[in-house]
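Reader: I am new to this model and would like to learn how to read it. Could we go through its features one at a time?

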Amino acid sequence: MILGRFYRSDRGGAFLLAGLFVLAVVVPVLNLAVPESSPFHLSTYTVTLIGKYLCYALLALALDLIWGYCGILSLGHGAFFALGGYAMGMYLMRQIGDRGVYGNPDLPDFMVFLNWQELPWYWLGFDMFWFAMLMVVLVPGLLAFVFGWFSFRSRVTGVYLAIITQALTFALMLAFFRNEMGFGGNNGMTDFKDILGFDLQADGTRVALFLASVITLAVSYVICRFIINSKLGRVIVAIRDAESRTRFVGYQVERYKLWLFVFSAVLAGIAGALYVPQVGIINPGEFAPLNSIELVIWVAVGGRGMLYGAVLGALLVNYAKTYFTAAFPELWLFALGALFVLVTIFLPKGLVGLWKRKRDTEP
Amino acid sequence: MRPLDPLRKALRRDRVFDFMMPQVVFSPDLDISHGPILYLEDVTVSFDGFKALNDLTLYIDDGELRCIIGPNGAGKTTMMDVITGKTRPDSGSVFFGQKIDLLRLSETDIAQGGIGRKFQRPTVFESHTVFENLELSLAADKGVWPTLFAVLNKAQRERIDEILETIALTGQRHQLAGTLSHGQKQWLEIGMLLAQSPRVLLVDEPVAGMTPQETERTAELLVSLAGKHSVVVVEHDMEFVRSIARKVTVLHEGSVLAEGTMDEVQNDPRVIEVYLGD
């Protein structure tokens with residue numbers, strides 16, 4: 001009965017969750033149970049690739065929550081994704097132990113290379129999984145809190161906020177490029193061995209990480225949908241449409257924005273933490289402003305303010321990216337730019353909007 | 001100058017420090033023992049040297065319906081901005097009841113504390129239904145977490161129905177507010193004010209752009225609200241003011257020019273001069 005009500009109130013979401021469920025069943029079976037010689041076998045590379053798309057989808061979901069519903073255009077959401085990724089990367093780095101090139105049991109390779117004698121204080125605790133997971137949530141959340149507190153209190157909105165967030169991610173990128181920051185400089189962190197004692201290269205681990213991504217995305221979707229359907233969600237849309245009216249109705253607009261921004265940043269951080277063990281590397285390039293802008297394009301292409309639109313957009317654009325960058329590498333950026341222009345002009349509600357319009361016009 | 005002088009100076013004050021003042025508590029039993037519910041005294045606001053309000057002193061009684069008129073630039077909207085905390089005056093004091101100093105409160109606090117405001121242009125939440133607009137405006141705990149888990153109870157639903165009845169939008173309850181006519185939006189906004197259960201309603205140009213029938217209905221609505229609430233109406237439309245006003249205040253160049261019944265005010269030579277030119 002609950003399922004029926006959910007389907008009626010959020011048809012797109014029901015399709016999305018059903019799709020994720022199918023993925024969660026079919027992909028592991030095709031990878032693990034079907035022999036490699038069979039044409040139905042799904043390579044571990046593909047499993048990881050889909051897992052990566054799902055992490056992007058989670059990131060897009062996080063952005064849609066603040067952009068689509070509250071009108072806060074963050075052009076720096078990649079920063080929270082990368083910070084979550086770095087926290088996970090630090091844990092994975094510590095798991096390498098003495099198996100690094102230099103065989104130092106206490107220090108990661110890049111620190112040995114820099115002639116450091118001991119672990120910096122901010123690396124302490126990252127050998128424990130629970131601590132690293134806590135940081136995956138806390139670091140992006142805290143940054144978003146401080147950043148949001150200052151900007152929303154000063155009533156910075158619209159394009160100005162977009163520019164500051166862009167500056168934020170750019171500043172972080174420059175900082176993380178520096179070797180003395182202690183995060184591996186421009187090489188970042190890579191060559192991970194295992195997670196929680198499981199070999200990262202093993203098919204089983206890859207499938208487990210994939211499943212973790214599917215489940216996290218599904219759970220996050222349900223939580224986001226709950227928020228949007230609650231009275232809080234309606235306040236947030238009210239803020240988007242008539243901010244000062246909302247204030248005069250008696251809501252502390254800044255607190256609402258801040259709460260949502262922090263929540264969104266935490267989701268982005270979790271996405272980053274799931275992404276890093278699957279792609280096996282994290283470097284300052286993840287902070288690049290271009291990444292955050294691409295993220296905005298995913299959401300715009302899928303259709304903002306619908307949640308499932310963002311997920312769909314992230315999956316489609318990234319699939320297209322994988323295809324194009326392999327087939328016509330020099331064409332991809334043009335295709336991306338053209339896509340954005342076309343969607344903005346012809347499909348203000350994105351691809352999902354197209355489908356919705358078709359359904360509405362049918363008798 | 002001895003080292004302790006600044007400290008001595010700081011301690012020699014004619015009033016207690018702000019942080020030592022008792023916490024402002026809005027309560028249903030607002031102290032209005034002296035009559036007025038809203039006190040504006042010697043309020044001055046200047047923008048780049050231009051005095052939008054110039055030593056404005058104005059009292060609004062509990063439960064009264066007051067119309068405020070005045071030519072463009074007389075400071076009508078600025079006065080509302082000051083009361084609702086949107087603009088801070090350069091000098092003067094604004095009190096709500098006997099004890100609540102509105103100048104120390106934020107817009108949100110003032111709104112929650114019982115002063116509702118309708119803007120000049122109707123602003124409603126266009127992508128929400130009429131019902132949701134009222135739901136959001138309803139007096140409740142408006143913190144983030146309580147709002148996340150808020151569920152409407154029976155009393156609140158009945159209150160919304162009652163307001164829908166008052167503003168004659170019962171039939172449009174599930175319609176998106178953005179699709180309402182101009183007049184209906186104005187009423188919805190008044191309904192949103194009512195939902196906040198305010199003591200004072202500040203209504204800025206409620207009949208601008210309305211048809212004569214709508215204007216008439218709005219007049220009835222505002223008159224019926226007076227008594228239970230104090231209603232302050234800023235309006236240009238003299239005909240409308242005449243139809244509802246008991247007491248009229250004329251503002252001119254940021255201060256009160258005349259005050260009295262509509263007839264008294266209209267026969268005041270200074271008012272005639274301001275309105276009809278020299």
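Author: Start with strands. Two strands count as paired if DSSP finds at least two bridges between them. In this predicted model, two bridges join β4(B) to β5(B), and these strands run antiparallel. In β5(B), the residue opposite B:Phe95 is B:Asp101.

Reader: In which order do the strands of the open sheet in chain B stand?

Author: The order is β2-β1-β4-β5 of chain B, four strands with antiparallel pairing. At the edges are β2 and β5 (100-101) of chain B; each has a single partner strand, so one side of each has no neighbour in the sheet.

Reader: How many bridges hold the pair of β1 and β2 in chain B?

Author: Strand β1 (residues 36-47) and strand β2 (residues 50-61) of chain B are paired over eight bridges, in the antiparallel sense. B:Pro36, for instance, has B:Asp61 in β2(B) as its bridge partner. The hairpin of β1(B) and β2(B) has two residues between the strands, and there B:Asp48 has a positive phi near 50°.

Reader: And over how many bridges does β1(B) pair with β4 of chain B?

Author: Five bridges link β1(B) to strand β4 (residues 91-96) of chain B, again in the antiparallel sense. Here B:Leu40 faces B:Val94 of β4(B).

Reader: Now the two chains. How many residues of chain A and chain B are in contact?

Author: Chain A contributes 25 residues and chain B 33. Together the chains bury about 2,600 Å², and carbon and sulfur atoms give 64% of that area. Of the area that chain A buries against chain B, 32% comes from A:Lys231, A:Arg245 and A:Phe248, more than from any other three residues.

Reader: How should I read the salt bridges?

Author: Side chains of opposite charge can pair when their charged atoms come close. A:Arg155 forms a salt bridge with B:Glu107, and their closest N and O atoms are 2.8 Å apart.

Reader: Which side chain meets A:Glu243 in a salt bridge?

Author: That of A:Arg247, at 3.0 Å from N to O. A:Glu243 and A:Arg247 are both in helix α10 of chain A, four residues apart, about one turn of the helix.

Reader: What about confidence: where should I read with care?

Author: Where pLDDT is low, the predicted coordinates should not be read in detail. Chain B has a mean pLDDT of 85, with 91% of its residues at 70 or more. Among the elements of chain B, helix α1 (residues 5-11) has the lowest mean pLDDT, 70, and helix α4 (residues 130-137) the highest, 94.

Reader: What ipTM and pTM does the predictor give the complex?

Author: The ipTM is 0.86 and the pTM is 0.89.

Note on methods. Residues are numbered from 1 along each chain as its sequence is written. Chains are lettered from A and ligands numbered from 1 in the order in which they are written. This is a predicted model: local features need pLDDT of at least 70, side-chain atom pairs count only at pLDDT 80 or more; totals for chains, interfaces and linings use all residues. Side-chain values use heavy atoms; hydrogens and water are left out. Contact means heavy atoms within 4.5 Å. Buried area is the accessible area (1.4 Å probe) that two parts lose on being put together, summed over both. A salt bridge is a side-chain nitrogen of Lys or Arg within 4 Å of a carboxyl oxygen of Asp or Glu. pLDDT is the predictor's confidence in each residue, from 0 to 100.
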